[in-house]
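Dear colleague,

I am handing over the structure below, and after it I set out what was found in it, step by step. Please keep the structure open beside you as you read.

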Amino acid sequence: MARTLFDKLWDAHVVRELGNGWALLHIDRHLLHDLSGPPAMAEVAARGLPLHNPELDFATPDHAASSQPGRVPGTFPLGGRLHGALRDLSAKSGVRFYDLGQPGQGIVHVMGPELGIVLPGLTVICGDSHTCTNGGLGALAFGVGSSESTHALATQTLRQQKPRRMRIRCDGVLGAGVTAKDLALHLIGRLGAAAGVGYAIEFAGEAVRALDVEARLTLCNLTVELGARFGLIAPDARTVDWVRGRPFAPTGATFDDAAAYWLSLASDDCAEYDREETIDAAAVAPTVTWGTSPEDAIAIDGTVPDPAQAADDASRSAIEAALDYMGLAPRATIAGTPVDWVFIGSCANSRLTDLRAAADVARGRHVADGVTAWVVPGSENVKRAAEAEGLREVFEAAGFQWREPGCSMCVAANGEQVPPQARCVSTSNRNFVGRQGPGARTHLASPAMAAAAAVTGRITDVRTLA
Amino acid sequence: MTMTPFTAVSGAAAPLMRANVDTDVIIRIERLTAFQRDQLGPYAFEALRLRADGSEDPACVLNQPAFLRAPVLLAAENFGCGSSREGAVWALMGLGIRCVIAPSFGDIFFNNCFQNGVLPVRLPIAQVEALAAQCASGAPVTVDLQARILTAPDGRVSSFDIDPLRREALLHGLDDIGLTLKDDALIREWQQADHARRPWAWPVQGAAG
């Protein structure tokens with residue numbers, strides 16, 4: 001029977017069928033960070049159990065680590081406590097731990113693929129909803145809570161019920177200045193934040209195949225903002241080339257065998273999906289959010305909605321609440337909105353290609369008066385590579401702050417917050433109420449669009465700066 | 001560790017009828033780093049319950065006397081979307097909530113509920129809205145997991161669907177880890193075969209820093 005990419009990945013990991021669509025699935029990689037790692041590891045210890053396969057678990061502090069230049073674990077004291085817990089629990093149980101300042105440290109979903117810890121064809125979990133990022137390599141990667149994380153540490157498996165399958169086919173070619181981030185926001189705006197609930201989503205089509213691997217990670221990163229736990233892109237020659245030579249990638253003949261297997265994972269031609277969506281990539285513009293859900297996404301030449309035009313009472317009051325929180329007027333054009341902060345970072349957009357795109361806009365320009373702009377590389381390796389090619393100088397000359405790797409202002413669990421009522425253009429993935437700090441007003445955008453906002457002091461179509 | 005079993009619950013149902021209530025709104029991340037899991041109740045829904053000056057907003061349904069310690073929450077689409085933080089479920093439990101009724105849930109939140117003896121019930125939006133109207137003054141509902149039926153304040157009874165494995169686990173407070181470890185020999189056998197089948201999938205110890 002014809003199978004989808006998802007089916008092939010799922011079938012390859014079934015230890016035992018449990019009935020009614022449930023299976024005991026083997027978990028090949030478990031990423032542990034400072035926030036969700038310690039409680040799960042401590043719970044396993046409290047039950048008197050060993051970690052089932054510590055060689056498949058990898059830990060690094062990211063969420064609660066300060067990104068302040070010259071930081072140490074205790075720069076953000078609460079983060080220092082969590083850092084210590086993760087380090088000690090990892091040492092005790094034989095889990096590899098990548099410490100601050102070490103190559104390998106970084107946002108889990110940046111360091112995992114970067115080191116070859118995450119490979120195509122693997123199952124990957126983490127106590128973090130953006131684990132779906134790793135699906136950009138063709139891994140079956142999904143976020144879990146503490147209990148499931150504990151279960152996986154103790155058994156190297158999870159009891160899972162098979163989701164439905166959706167394919168989103170992106171035909172055509174993205175325009176100049178339009179990125180995977182814009183494509184993702186556009187999709188969420190069009191389909192809604194609940195469209196993917198209960199689904200594993202495969203992204204396919206000409207525009208997806210044209211994305212480089214880092215852009216694929218960005219696209220899959222935002223799958224959970226569509227409501228789905230799983231985002232997937234079939235591995236292809238580009239994926240294989242990207243993985244080759246990474247520290248934990250196989251080598252020699254083992255790599256060749258693996259690569260042949262990875263390339264066989266693509267969905268069969270006649271495979272069926274429970275739902276299919278098609279979009280024209282050429283019609284996607286640089287996209288930003290105006291409200292407090294990622295589905296509140298509009299093209300850069302668009303206007304903020306008018307509650308008076310809402311279809312029903314519920315959406316009217318939702319729009320009113322979002323406009324009130326965001327300090328925006330109905331029907332306002334989004335371009336030209338003055339900004340106070342710019343954040344370039346997060347597991348959505350903090351890889352080398354993201355920083356290059358932002359630096360291309362920053363080069364020869366300067367951050368506008370009254371704007372604070374941060375660049376937070378996704379990992380120690382990204383930071384070093386960016387410095388080696390001169391990006392740090394570009395950003396610093398333009399008045400951006402160049403900071404240490406971590407989640408920083410995306411999750412705001414590290415003492416780094418956008419002040420109340422301040423407006424921030426952010427390359428992260430969530431514009432929820434209070435996400436970047438109580439009262440903070442977040443507009444999601446691509447790295448180039450964020451840099452454009454920094455240098456103009458307003459939400460700006462980056463294509464006009466060319 | 002066994003989970004608190006869930007058989008049935010009766011009481012007020014707080015109507016929080018807005019879509020896409022995310023887990024950041026249910027519990028702020030800083031509360032998770034600062035407090036233990038059984039201390040989160042007072043910090044649930046801060047962004048909705050509190051005004052900018054930190055005082056309670058009397059207009060918020062969760063502050064109304066009829067719904068203090070209400071064991072049931074009514075919500076609109078995609079409740080619990082966003083972050084995987086299980087603290088969102090712990091915060092709800094801290095408020096006394098044992099059951100959430102909504103048309104759809106964030107997938108990870110949905111799973112996390114079952115891990116903690118909280119029952120998420122999916123019903124069509126029209127039905128949740130009708131229930132919300134009936135429950136607005138604090139009239140009680142009963143959710144019976146054993147019989148898979150919900151009794152509205154007006155006495156009308158309707159059934160709801162739930163996966164049989166999940167229902168069984170909730171009714172008996174089953175511990176997944178204990179259950180899975182009974183299959184440990186099978187897991188180890190699978191792993192051994194996998195070393196031969198997918199040698200590339202097993203990281204070489206010490207191969208990389």
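This is a predicted model: local features need pLDDT of at least 70, side-chain atom pairs count only at pLDDT 80 or more; totals for chains, interfaces and linings use all residues.

Five strands of chain A make up an open sheet, in which the order is β5-β4-β3-β6-β7 and the pairing is parallel. The edges are formed by β5 (96-97) and β7 (140-143) of chain A, each of which pairs on one side only. At the β5 end, strand β4 (residues 57-60) of chain A pairs with β5(A) in the parallel sense over 2 bridges, and here A:Phe58 has A:Arg96 of β5(A) as its bridge partner.

A helix to look at next is α4 of chain A. Of the 8 residues of α4(A), 8 are buried, and the helix is mostly covered; the buried residues include A:Val108, A:His109, A:Met111 and A:Glu114. Which elements cover the buried residues of α4(A)? Among them are β3 (29-33), β4 and β6 (123-126) of chain A, together with α8 (213-221) and α13 (380-388) of chain A. Just after α4(A) comes A:Gly116, which takes a positive phi of about 75°.

One member of that covering set, helix α13 of chain A, holds A:Ala385.

Turning to the domains, chain A is divided into domain 1 (5-163 + 228-263) and domain 2 (287-465). Taken over C-alpha atoms, the centres of domain 1 of chain A and domain 2 of chain A are separated by 28 Å. Between them, 25 residues of domain 1 of chain A are in contact with 21 residues of domain 2 of chain A. Helix α4 (residues 108-115) of chain A, already described above, gives the most to the side of domain 1 of chain A that touches domain 2 of chain A, namely 4 residues. The residues on that side of domain 1 of chain A divide into 9 nonpolar, 13 polar and 3 charged.

Another strand of chain A that deserves a careful look is β15. β15(A) pairs in the parallel sense with strand β16 (residues 372-375) of chain A over 4 bridges, and the partner of A:Val342 in β16(A) is A:Ala373. The chain passes from β15(A) through helix α12 (residues 352-362) of chain A to β16(A), and this β-α-β crossover is right-handed. β15(A) also pairs in the parallel sense with strand β18 (residues 423-426) of chain A, over 3 bridges, where A:Phe343 has A:Ser426 as its bridge partner.

Now for the two chains together. In the complex, 59 residues of chain A are in contact with 48 residues of chain B. The largest share of the side of chain A that touches chain B comes from α5(A), which gives 7 residues. By class, that side of chain A has 27 nonpolar, 21 polar and 11 charged residues. For the complex, the predictor gives an ipTM of 0.96 and a pTM of 0.97.

Chain B averages a pLDDT of 94, and 97% of the residues score at least 70. B:Phe45 has a phi near 55°, a positive value in a residue other than glycine, and it sits in the loop between α2 (29-34) and α3 (46-49) of chain B. B:Asn78 likewise has a positive phi, near 60°, and lies in the loop between β2 (72-75) and α4 (87-94) of chain B. B:Asn78 counts as buried because 27 C-beta neighbours lie inside 10 Å.

How values were computed. Residues are numbered from 1 along each chain as its sequence is written. Chains are lettered from A and ligands numbered from 1 in the order in which they are written. Domain bounds come from an automatic or database domain assignment. Two residues are in contact if their C-beta atoms, placed from the backbone, lie within 7 Å. Ala, Val, Leu, Ile, Met, Phe, Trp, Tyr, Cys and Pro count as nonpolar, Asp, Glu, Lys and Arg as charged, and the others, Gly among them, as polar. Two strands pair if DSSP finds at least two bridges between them. A residue is buried if 20 or more other C-beta atoms lie within 10 Å of its own, exposed if 12 or fewer, and partly exposed in between; C-beta atoms are placed from the backbone. pLDDT is the predictor's confidence in each residue, from 0 to 100. A crossover is right-handed if, with the strands pointing away from the viewer, the path from the first strand over the helix to the second runs clockwise.
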